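Trainee: I am new to this structure and would like a close look at one part of it. Could you walk me through the cavities, please?

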Amino acid sequence: MKWSIFGIALLIGLVLETSMRQLLAFHGVSPSFTACLVVFVALFASRSSTLWACWLIGVLMDIVSAVAWDAHGTFVLIGPHALGYTLAGFAVLQIRAMVFRRRALTVGVLTLMTVLLASLMAISIFVVRSWYTEPGLSAYLAHRTAMGELGHRMGIAMYSGLIALPLGWVLQATLPVWGFEMMGPRRSRR
Amino acid sequence: MFRRGPHRYAAFAVALIITSVVALLPPSWLRPWTNDLERLVTFPLAPFGHAGNSLAGWLRPAPDPYSDLSPAARDRLNQAEAEKERFARLYRERERRIIELEADIAELESIPLRQMPAETTPLRANVTRRTPDKLHGVVHLNRGESAGVETNTVAVYSGTHLVGRITEVSRLQSALLPLTNTSTPAINALVYPRDRPDISPREAPVIQLIPNGDGTFSADADRVDQLATGDFVYLYDHTWPDTAQHLMVGTIDTVRPKDDAPLRDAVVVRPRFMVPDVANVTLLIERQTNSVAMEDGA
């Protein structure tokens, strides 16, 4: 994988996440663009490149997701996205040999799974942290309870899966410039 | 980082272990370095984020209740409303001052007058970055200490609509905690009836607003206060700066009886403008005039 191309895609993904994402919000739920990038990289890049790329995307997502803590200001918690995306990337690596990689639908379904896995990891970290250190659980969540947050993130997962259909198609169109080491196409036969 | 060989996963395993440990550290251990890391990493992102947020604001402008009117009539109505809010706020601020003075009058001879901000300077700030997973999460603005922004500086939209306050400031950027974020502590507010908005703050019922996380606030109110849909809700909370007092929080969206408390109502308040809807805000920078305050004290 060409890391320069990955860097450009990551920059675009982060800008979309931190600016355009709210534009697509529907009843408080908005899609994740970086999750789609995680899936795309995990489908085509080599094993070690995938793991590093997912970790890097997650670390940067953590850095731009400051946690507000009442009157104490904000702090950056590195880990929830980094570990969540790494877990999701690893899961995609395990099943990528069984799916039609060049189908936009594949990217859509796997993006849904990625957001769910990353959310489970993030919420688990938040719950564990809230047992022994401040701030309370609600500081990390968009909703006040872990179950409410899980429902909210399921909405995000489904919305991200839908957005990943056209986005996955666009990313697939750029495949030749990525320089992936393993380009063995696995297409559905018509 | 990306080397090949028998130990190519060893470096990744170390990175993963360090990330896991960092993810569980208390905030006091994280703040000194992760916030600096954030500033360093996000600084080059700011111009792109600003452009993206401006584009998003252009594609989906903030809600305009007068959109069905002609542009001239809309401008006149907006101006009239802003003027009305400004004068109403001045009136209420004076009333608040009178209430304070009445309560403290016996002690005023021995205690210097409390220093009040003599001047507020509005400062336009653009949103450069939003929190990805939270619609009402922290947003970052392109104004920092160099522009006079401080912690607790108040942010408004459309003149008098309170949208949040600054929680973190660096030299060139600042972090704005939206009013609707669940981390915002409970807010005391006064309710003015829609049909009698000119009543004195003494008569206006006080409610305590708690952000729900979906952009609305919930509160309990005595049924005798007879709150109704459309009533105006203004901040009246001394944990907030003076510049925030009597700024509009929103209007009452629903009022329904509480099943478990027959004499109380459950109220939902909805702001007219929220941080997710806007691409820029106005910061109210306090300029303290120490010389005047010292003369008053003397």
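Mentor: Happy to! Let's begin with the second largest cavity, whose lining counts seven nonpolar, three polar and three charged residues by class. Please keep in mind that this is a predicted model. The volume of the second largest cavity is about 110 Å³. Its lining is made up of 13 residues, and those nearest the centre are A:His81, A:Val115, A:Ser119, A:Arg153 and B:Asp133. You can find your way around by the helices of chain A: α4, α5 and α6 (146-173) each give at least two residues to this lining. Among the contributors, α5(A) has the largest share, with four residues.

Now let's step back to the whole structure, where a search turns up four cavities of 30 Å³ or more. The largest cavity has a volume of about 150 Å³. Around it are 14 lining residues, with A:Ser65, A:Val67, A:His81, A:Phe126 and A:Tyr140 lying nearest its centre. Here the elements that supply two or more residues to the lining are α4 (80-95) and α5 (104-132) of chain A. Sorted by class, the lining of the largest cavity holds seven nonpolar, three polar and four charged residues.

Terms used: Residues numbered from 1 in each chain as written. Chains lettered and ligands numbered in written order. Predicted model: local features only at pLDDT ≥ 70, side-chain atom pairs only at ≥ 80, totals over all residues. Heavy atoms only, no water. 1 Å grid on protein atoms, 1.4 Å probe; cavity = no way out; pocket = protein on both sides within 12 Å on 5 of 7 lines; lining within 4 Å. Points joined across faces, edges and corners; volume = space filled by probe spheres on them. Nonpolar A, V, L, I, M, F, W, Y, C, P; charged D, E, K, R; others polar.
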